[in-house]
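Have the model open as you read.

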Amino acid sequence: MRLSKGGRIDRSRAVSFTFDGRALSGHPGDTLASALLASGQKVVGRSFKYHRPRGVFSAGSEEPNALVTLGAGARREPNVRATMQELFDGLEAQSQNCWPSLDWDLLEVNDLFADFLGAGFYYKTFMWPRKAWEWLYEPAIRRAAGLGALSGQPDPEPNEKAFAHCDLLVIGGGPAGLMVALQAGRAGADVILCDEDHEPGGRLLSEVEEIAGAPAMEWVAATLAELEAMDNVRIMIRTTVTGVYDQGTFGALERVGRHMKHRPGPLPLDCFWRIAAKASVLAAGALERPVAFQDNDRPGVMLAGAMRSYLNRYAVAPGDAVTVFGNNDDAHRTARDLLAAGVHVAGLVDSRPGAATDLDLPFYAGAQVTRASGRMGLEAVSIRTPSGEVKLQSDALAVSGGWNPSLHLTCHLNGRPEWSETLAAFLPRPGVVPGMQVAGAATGIFTTAGCLASGAEAAGKALETLGLSVPPLDLPQAGEQGYGVQPLWAVAGNGRAWLDLANDVTVKDVRQAASENFRSVEHMKRYTTQGMAPDQGKISNLGAMAVLADATGRDVAATGITTYRPPYVPVPIAALGAGGKGKGFAPERLTTSHAQSLAMSAPMIEAGLWYRPSYFPRTGEKHWRQSCDREVAHVREAVGVADVSTLGKIDLQGRDAARFLDLVYTNTFSTLKEGRARYGVMLREDGHVMDDGTTARIGPEHFVMTTTTAAAGEVMGHLEFVSQVLVPGWDVRLISVTEQWAQFAVAGPQSRALLEELLGRDLSDAALSFMGTMPIEIGGVEGRLFRISFSGELAYEIAVPARYGESLFTRLVGMAEARGGGAYGMEALNVLRIEKGFLTHAELHGRTTAFDLGLERWMSPSKSFICKAAASRPGLLAEDRERLIGLRPVGASKMIPPGAFLFNEGDEAVRENAQGYVTSSCYSPTLGETIALGFLKSGPERIGEHLRLVDHLREAVTICEVCETCFLDPEGERTRG
Amino acid sequence: MAEPMLKAQNALPQGEALVLGDTRIDVLPMPRMTSLMPGPGHAALAKALRKHHGLDLPDPGGRVSSDEGECLWFGLGQYMLIGPAPSPLLAGAATLTEQSDAWTSVLLEGPLARQVLARLTPLDLRDASLPLGATARSEIAHMMGSLTRVGSEAFRLMVFRSMAQTLLHELKDTLEAVAARQAL
């Protein structure tokens, strides 16, 4: 319940919220956990495996118990730690992992069968029948054990990712971190201070402590005011540094809008930061650890330091009668603060035999708590004192087993911590993260004075590495109260004593693992699942290792600790993938004819990042095939216009440009005459085909290469590699001009007449023969005309600067329509090229060689080229390789789906008998039949053979005849006009 | 006068696209842009550029500007002459390639500009790393682009013309998200 005074809450305002539908209220400054405790809500969740009632255990991001679901519908957010969730008006929280209700959970029956459900139970029990694991056991177990559930709907919330850069990253805003930031800020360094909480101060927010003779928070406020006034210091609150990566890069999760009732629409829920820092100081403090004893998971049992947080920071009394149990002096502070707040302390139990106190309360030195009683909430605590058993009536118990420095981040680059016998804790090993200093409690210094001094020292070291001078400093006076821990991990006794509350792992489970020879910490962890819950064992790891050490007869140092890996706290995938929804998935590349194509109702399809028109439907056409057939006919009989700007265009110049092309292409370009273009094939380093295209020579040392749309980037990268790495001394200058030019194919018997009209000049063979190129001018705009064809017709490609693209496209389409033709899209383009047996990346798919594609004659025997040797390996030239062929159906079925496999007629249609496969197919309106391209073992030698095509997915079976790859005009008479 | 045969069109509607939190997204006009690639050694280009355009050749990551135009470092062995038509006399010192239509330029200016860019590019945008007049080739929202600091709070972004709409969309969305932080 709420104390009548004190705390850092704003009592002038009430904040109403609901928990499991019950209306409750708290104050600004509360977390959901503190407000629940203030409202007397002891049970906040059910445990993972045994469905035992659980209460708030900590006051920070290490919380293992108090996980709740916030909100409803698509905005539902499971597994929110109540200890981190700031309270806001209208917050709706639901308990998790219970049915039908939190108070009455049917699956608590698991707790009765606990003896059967220990570590390794699943592995031993659900083995037979083997197949049942996947469809029966695993789903059943997952339903019973677990956490909150996602909504199953697309996430409507915005998230973001961002970058930050600084000289010094300070991780943690407690006394040490603030001191680092202050010193570094004064020295002029660019500082980022990240703190997980919504206000900096660290432990000082929760302790009764003085700095410089005044309440510690006054020093914090003054320090923050000074930092906020500095332009070179950036304080990032609600930001948890989650990981350390190479080269001084850190990941951090900022909870941006989770604390607001009315979040402005575009304001993100979370922001995932990538912070690049020259130096860093880890001042992440320490995490308190519990002691294991029977039923130590009962609601009302919490960490002693957390109890001080609720008491001092949130003005919440944890109960009417509180027992405090610890193995160190810090526990005494909890008793002291409880007394000061007027809370009845039933007893202070100190496991250290010689311990003393001057507090006015029942004190038990050399005593241990052996059991917590009460199911839905603590009722009594049994203690074993040197003089016998005592039972204390208590509804709350504070436990402290000591503190573990938060050294997690120092281990992210494979560093291992070192064991301190004095502190009974692992300490960070210096220098394991380049450029990182560790300060304060994170390095095992547990006094405020020590933390301030340690912060100043770490700042000094960091500033030195940054080449900045250290400003003078008078360290303020602060508390130097000792800590004096004597290790106690688990109290001996019967019953189940919890180590890992989040995953329901007990002392017994760890001992069982050891007895079954899972003696390594990593094996024990995986066998018992200790430390594998969302809290990653922040509270339980060391206790479990200590119990394992005891069970295996080793000390903790020799037993070691499991590996700490990022992220330090759970990071929503939505934050990691922020910006990737919808149009954020990938950039869209639009051609200059895009708007016009949309205006013509063309459905757009993606080609890499590009969007290209599929076909241009006309009135009355109900099916894409009707449009496609018409567009093919336009090209074959009149004239068609297609935007081919997406093809890669690379400008090559320099003294060695021709020689360079000879090197990268399998065929020769140095002999190409100015004003002429040539087809070329380019190989990858492994001897397979990378790409093909035409390259034109437009000056003595000037070429323009075209690539396929799909491989434009890959080819550019390859050429850069060759020029920079393989022949760095050659004078070749490369630049992509893909975006500079809008280029349109004008194809069909009337293409010449159309262009002669547009350009007002003669385009006869004498003026521009097949594979020729020339500069042109359209109304003062300079462009270029190529006579090349991907349709097998008399065809041209006309290029103008991109700003004129839309205008030229519209004009060309208009002129084509006037001649009985029109625009054609990707579907028709594909049909036209299959009819001619021309290749695309359906055939150049990365596993085919020039030999497979029937392009071996393009591999010049008289010169060297990249990967000539690789491509000449016998295995790549074997006659029985799968080689390019044409296919046509000869039986009743006319279906030839791409991807289908080819079999000899008598063979069973199984993988071992596959003779080849189909890569491209279409209905040819020109020929009136289905035609296809594919690859077949010894293909070209099997022309005329009949094969059985089987598509196992679409259940097609078709008898096909193997034929030549060119179905139309094999002599090329149409192309040459 | 007769209609021109072909009409020029910018990839995006030119001018102001969004203003929020005193921060402006402005689609710039298409200037004349010529890529200059000097090949091995750049002394000849530096001399010719000074002589014919009064511009010094910038260092890597730099930009040199005058009333007449600017020369922008544009990657390994590449410079971009922006503004004037290139003097034909440069041709002896460098390979000239027309790029006026290949890039879209957008200006982002205002107090939130840096915060917007921090969400779109991994570049260090602090004064020490990117002072006035500095330029970089980098990723801008998954696109390869060019970023130049043209004022104390002003940045010119360039991406391929075909990606102009994506750039504008990303900039608008991000500015809205950043501006919404003012409610925090």
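## Where the chains meet

Two residues count as in contact if their C-beta atoms, placed from the backbone, lie within 7 Å. By that rule, the contact takes 40 residues from chain A and 37 residues from chain B. Bear in mind that this is a predicted model: local features need pLDDT of at least 70, side-chain atom pairs count only at pLDDT 80 or more, and totals for chains, interfaces and linings use all residues. Residues are numbered from 1 along each chain as its sequence is written, while chains are lettered from A and ligands numbered from 1 in the order in which they are written.

What does chain B bring to the side that touches chain A? Strand E3 (33-37), strand E7 (95-98) and helix H3 (164-180) of chain B each give two or more residues; helices (H or I, at least four residues) and strands (E, at least two) are DSSP runs, numbered from the N terminus. H3(B) gives the most, with six residues. By class, this side of chain B has 16 nonpolar, twelve polar and nine charged residues. Here Ala, Val, Leu, Ile, Met, Phe, Trp, Tyr, Cys and Pro count as nonpolar, Asp, Glu, Lys and Arg as charged, and the others, Gly among them, as polar.

## Inside chain B

Chain B is assigned domain 1 (15-30 + 102-183) and domain 2 (33-98), with bounds that come from an automatic or database domain assignment. Their centres, taken over C-alpha atoms, are 24 Å apart. Each of the two domains of chain B puts eight residues into the contact.

On the domain 1 side of chain B, strand E9 (135-140) and strand E10 (143-151) each supply at least two residues. E9(B) has the largest share, three residues. That side splits into three nonpolar, four polar and one charged residues.

## Over in chain A

The assignment for chain A runs from domain 1 (15-109) to domain 6 (878-977), and includes domain 2 (160-286 + 405-465). The C-alpha centres of domain 1 and domain 2 of chain A lie 28 Å apart. Five residues of domain 1 of chain A touch six of domain 2 of chain A, and those five divide into one nonpolar, two polar and two charged.

## A look at H16(A)

Helix H16 (residues 624-637) of chain A has 14 residues. Its buried residues include Cys628(A), Val632(A) and Val635(A), along with Asp629(A) and Arg630(A); buried means 20 or more other C-beta atoms within 10 Å of the residue's own, with C-beta atoms placed from the backbone. The buried residues of H16(A) pack against strands E34 (640-643), E40 (741-747) and E44 (822-823) and helix H21 (826-836) of chain A.

Definitions and conventions: Expected span 1.5 Å × (residues − 1). Buried ≥ 20, exposed ≤ 12 C-beta atoms within 10 Å, placed from the backbone.
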